[in-house]
Amino acid sequence: MFPFLSADLLSTNRSSIFSGHHGQLSLTAVFLDEYRDRLFLGGKDILYSLLLGPTSSESKEEERKTLGLSPEGNSGSILEECIQTGKEPQTECANFVRLLQPYNRTHLLTCGTGAFQPMCAFINVGHRGE
């Protein structure tokens, strides 16, 4: 599955494999936040926040935010409009995260494709240690 990870590296117990929520990790944006010791990973309809540092079953931390277009509210009309143009709902009418940029000490500017109607949002990532 990961040929670049040798048995020696995995046997040191200093690394772990992250393969996403459903075992599929299709990344479209990555941001390393050294201030918070976190790695932010953006993909199709999702944003992951991974805590960096020693790995163990007790200390492994992952936060996940769904950034998909829901049928309710304003994003529902965007989703419907995309589908009506003949695009594939599961692949083309998704919100692919394209930009992860620090805005200030507490927020991350996140932008995505938004089913061909680009959208941005400020994500509260808290202060260091939160």
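How many bridges join strand 6 to strand 7? The close-ups below, all taken from a predicted model, start there.

**View 1. Strands 6 and 7 pair up as a hairpin.** Strand 6 (residues 107-112) and strand 7 (residues 119-124) run antiparallel, and six bridges hold the answer to the opening question. Pick out T110 and you'll find its bridge partner, A121, in strand 7. Six residues lie between the strands of this hairpin, and G114 takes a positive phi near 55°.

**View 2. Y103 and F122 make a tilted ring pair.** Their ring centres are 4.5 Å apart with the planes at 55°, so this one counts as tilted. Y103 comes from the loop between strand 5 (97-102) and strand 6, while F122 belongs to strand 7, so the pair links parts of the chain 19 residues apart. Y103 counts as exposed, at 54% relative accessibility, and F122 as partly exposed, at 49%.

**View 3. F31 and F40 stack.** Here's another of the two aromatic pairs found in a search of the whole structure. The ring centres sit 6.2 Å apart and the planes meet at 20°, so the pair is stacked. Both F31 and F40 are buried.

**View 4. R36 meets D33.** Look in the loop between strand 1 (27-33) and strand 2 (38-43) for R36.

**View 5. Two charged ends sit over rings.** The charged end of K87 is over the ring of F116, 4.8 Å from the ring centre.

Notes. Residues numbered from 1 in each chain as written. Predicted model: local features only at pLDDT ≥ 70, side-chain atom pairs only at ≥ 80, totals over all residues. Heavy atoms only, no water. Helix = DSSP H or I, 4+ residues; strand = E, 2+ residues; numbered from the N terminus. Polar contact = N/O pair within 3.5 Å; in protein donor to acceptor, adjacent residues only side chain to side chain. Pairing = 2+ DSSP bridges. Phe/Tyr/Trp six-rings, centres within 6.5 Å; stacked < 30°, edge-to-face > 60°. Buried < 20%, exposed > 50% of the residue type's maximum accessible area, 1.4 Å probe, protein only. Lys NZ or Arg CZ within 6 Å of the ring centre and 35° of its normal.
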